[in-house]
Amino acid sequence: MYDREKAVAYAREWAFSRNPEYYIFDEIGGDCTNFVSQCLYAGSGVMNYTPDFGWYYISPDDRSAAWTGVQYFYNFLTTNEGNGPYGKELPLALAQTGDVIQLSFDGISFAHTLIITRIILFPTPRSILLAAHTNDAFDRPLNTYEYEAARLIHISGVRGQ
């Protein structure tokens, strides 16, 4: 079971600092997906060690592309049939706390990953609050970002617990 509260608690604890157990990718492409992967791991407790297509972190040199890469992360979550978290892309109106949002700044490719920390009343860009790394944030409204497209990855569950 995906524990949304644990994922958000982790985001709250580390949104403005860095967990020393993980490498900081700020200077080499950004730390956003690394941070959200850590949050999802806190809420799931399961990694997927499948070579090439898994989702795991052992060290900076022994990690999956999905742990830190925006598109690889999306691909893993939306196609994962093995261990670890899995989900599907849904309309923003169906967002829940602990789900993931990815942003495209050019309308073509997605380049930023964030985790939903809170939703005020019902999900809209103004009421969806997010946490992120690279440009550190916690409870920042989605509508304060400048973006061309946003996609929601709803975390449906976890396998292999």
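Colleague: Which residue in β8 stands opposite leucine 90?

Modeller: Leucine 152 of β8 stands opposite leucine 90. This is a predicted model: local features need pLDDT of at least 70, side-chain atom pairs count only at pLDDT 80 or more, and totals for chains, interfaces and linings use all residues. Residues are numbered from 1 along each chain as its sequence is written, and side-chain values use heavy atoms, with hydrogens and water left out.

Colleague: What makes β3 and β8 a pair?

Modeller: Two strands pair if DSSP finds at least two bridges between them. β3 and β8 have seven, in the antiparallel sense, so the pair meets the definition.

Colleague: How many helices and strands does the chain have, and what makes a run of residues count as one?

Modeller: The chain has four helices and eight strands. From the N terminus on, the order is α-α-β-β-α-α-β-β-β-β-β-β.

Colleague: In what order do the six strands of the open sheet come?

Modeller: The order is β3-β8-β4-β5-β6-β7, with antiparallel pairing.

Colleague: Why do β3 and β7 stand at the edges?

Modeller: β3 (84-90) and β7 (137-141) each have a single partner strand, so one side of each has no neighbour in the sheet. Neighbouring strands of the sheet are turned by 35° against each other on average, direction ignored.

Colleague: How many residues of β4 are buried?

Modeller: Five of its five residues are buried. Val100, Gln102 and Ser104 lie on one side, with Ile101 and Leu103 on the other. The term means under 20% relative accessible area, with exposed over 50% and partly exposed in between (1.4 Å probe, protein chains only).

Colleague: Which helices cover this sheet?

Modeller: α2 lies across β3, β4, β5 (112-119), β6 (128-132) and β8, at about 45° to β5. α4 packs on the sheet and touches β3, β4, β5 and β8; its direction makes about 100° with that of β3. Such angles run from 0 to 180 degrees between N-to-C directions, with axes fitted to C-alpha atoms, for helices over the stretch in contact.

Colleague: Why does alanine 15 count as buried?

Modeller: Its relative accessibility is 0%, so alanine 15 counts as buried. Alanine 15 is in the loop between α1 and α2. Contact means heavy atoms within 4.5 Å. Leaving aside neighbours within four places in sequence, alanine 15 is in contact with Phe35, Ala132, His133, Asp136, Ala137 and Phe138. Alanine 15 and histidine 133 are 118 residues apart in sequence, yet 6.4 Å apart in space, C-alpha to C-alpha.

Colleague: What makes a set of residues a nonpolar core?

Modeller: The members are buried Ala, Val, Leu, Ile, Met, Phe, Trp, Tyr and Cys residues joined through side-chain atoms within 4.5 Å. The largest such core has 30 residues, of which Phe35, Leu40 and Ile115 touch the most other members. α1 (4-14), α2 (32-44), α3 (65-68), α4 (70-79) and β8 (149-159) each supply at least two residues of this core. A second, separate core of 12 residues includes Ile101, Leu103, Leu142 and Tyr145.

Colleague: How do you know that the radius of gyration agrees with a compact globule?

Modeller: The radius is taken over C-alpha atoms, and the globule rule is 2.2 Å times the number of residues to the power 0.38. For 161 residues a compact globule would come near 15 Å; the chain has 14 Å, so the two agree. The C-alpha trace spans about 40 × 30 × 30 Å along its principal axes, and buried residues make up 49% of the chain.
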